[in-house]
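These are my notebook entries on a structure that I was asked to examine. I record each item in the order in which I looked it up.

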Amino acid sequence: MKISSAEYKTRRQKFLAQLPKNAIAILPTAPERHKTADSYYDYHPDNSFYYLTGYDEPNCVAVFMPGRTEGEFLLFNMLKIREQEIWTGFRVGQEAAVSEYGANQAFPMTEFDQMLPELLTGRESLYFALGRNPEYDQKIILALNELRGRVRSGVAVPDTIINVEKIIFEMRLIKTEAEIDLLRTAGQISVGAHKKIMKICKPGMNEFHIAAEIMYELLNGGCQSTAYGSIVAGGENGIVLHYQANNAELKSGDLLLVDAGGEYQFYDADITTTFPVNGKFSTEQKLIYDLVLKAQHAAFSKIKPGIAWWTLQETILQVFAEGLLALGILQGSVEKILEDKSYFKFYMHNSGHWLGLDTHDVGAYKVNGEWRKLAKGMVFTVEPGLYLSKDIPGLDPKWHDIAVRIEDDVVVTESGYDILTKGLPRTTDEIEAFMKG
Ligand code: GLY
Ligand code: MN
Ligand code: MN
């Protein structure tokens, strides 16, 4: 399963159709990042560049020029040099950039700086994401300056720079069937990893044993990497929303909160499971877990095209306000709790986020000052959580350091939603039975 070259072509056509006739768009991929003088971090292309090209080599840039007779899509990429390929692997080269990747013309990257002023000439607006890639900011500035020096000879220079990401981010927000398939695959491999750790978790293990098992399951399932640094947080570590140390011993009686997902063909999964280290929830842990699960289900039940993004957070807040009041953790009335935001010390994040090539994917949450309305093909997480830190003044010690987050990935369908991360034991009964079995 792979996104077809026809789909990339359709994306580029949609993108080009949104550019004014006399525009030029320049999209460099991400730079390679040095780890040491002679080693690099794993390479990851720029997601918007990748979205339009399907091209994952470093050192390249895509140029789009609507209406250009010699072709509207130019790719500058690495030369195919046998001696280099021996060290760092296969390179596509210019010929295959045209035949396999649909470029109308391909040039060696080394020619980009020299050709840039010429490409900008006669174009009225430049679509470019300033500030993303300092090396390219510099190239653009140099080329524009060079052209400005030539205006007396009648050379036209782009006089506006527009953020190209505005167009691409909106496109990326609505996923195609092929993208949803990849997101579902990422989700299902990640579900397998979470199930595996629920099965093997025992008091006395370390958080890093769990993190290692997740990594193994994700890579063994075909993911290229984790989508983000796994959060494996036993007991009070679960209070830290982005806990990364993953090096504490797991204790009987504690909960384990695991937020981890894989990246599959660059598409991400983002799942959180929370379960008891010893396989059995305490009464208080169960009460909090049930409340978080109830909030998640309440949010799910609202999902369909046309509802506002913020409805999900409002729904979760309503369930939490009622539940925390019923448990005696908060006092007063539901209205007052919501008005004063007194839930905030226990629940301080949003209902979730768009999900796609980025884990926190792109696309505006508000449009013209109004919350975005959900539409078919949008993919996002639903991840309510309650974090009952012992440092919260006045909190009864019986609740101390219970941290629960439950996170799944959903896609909006024609009439509702579908969960991409189906198949996990989710109720406390299901979790206890699964961990025992
Ligand atoms: N794993 C990051 C998040 O849940 O948003
Ligand atoms: Mn998330
Ligand atoms: Mn997460």
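I began with a definition: donors are N, O and S atoms within 2.8 Å of the metal (3.2 Å for Na, K and Ca), and because water is not among the atoms, sites may look incomplete. I also noted that this is a predicted model, in which local features need pLDDT of at least 70 and side-chain atom pairs count only at pLDDT 80 or more, while totals for chains, interfaces and linings use all residues. Residues are numbered from 1 along each chain as its sequence is written, chains are lettered from A and ligands numbered from 1 in the order in which they are written, and side-chain values use heavy atoms, with hydrogens and water left out.

Entry 1, the metal site. I looked up the two manganese ions, ligand 3 and ligand 2, and found them 3.3 Å apart, with Asp-270 coordinating both. I then asked which residues coordinate the manganese ion (ligand 3). Asp-259 lies in strand E11 (residues 255-260) and Glu-407 in the loop between strand E19 (402-405) and strand E20 (408-412), so the pair, 148 residues apart, links distant parts of the chain. Strands (E, at least two residues) and helices (H or I, at least four) are DSSP runs, numbered from the N terminus.

Buried means under 20% relative accessible area, computed with a 1.4 Å probe on protein chains only.

Entry 3, a sheet. I found 3 strands in an open sheet, in the order E9-E12-E13, with antiparallel pairing. Strand E9 (225-226) and strand E13 (267-268) stand at the edges with a single partner strand each, so one side of each lacks a neighbour in the sheet. E9 is joined to strand E12 (residues 262-264) by 2 bridges; two strands pair if DSSP finds at least two bridges between them. Thr-226 stands opposite Gly-262 in E12.

I recorded 13 helices and 21 strands in the protein chain. Of its 437 residues, 55% count as buried. The C-alpha atoms fill a box of roughly 80 × 50 × 40 Å, taken along the principal axes.

Note on methods
Buried means under 20% relative accessible area, exposed over 50%, partly exposed in between (1.4 Å probe, protein chains only).
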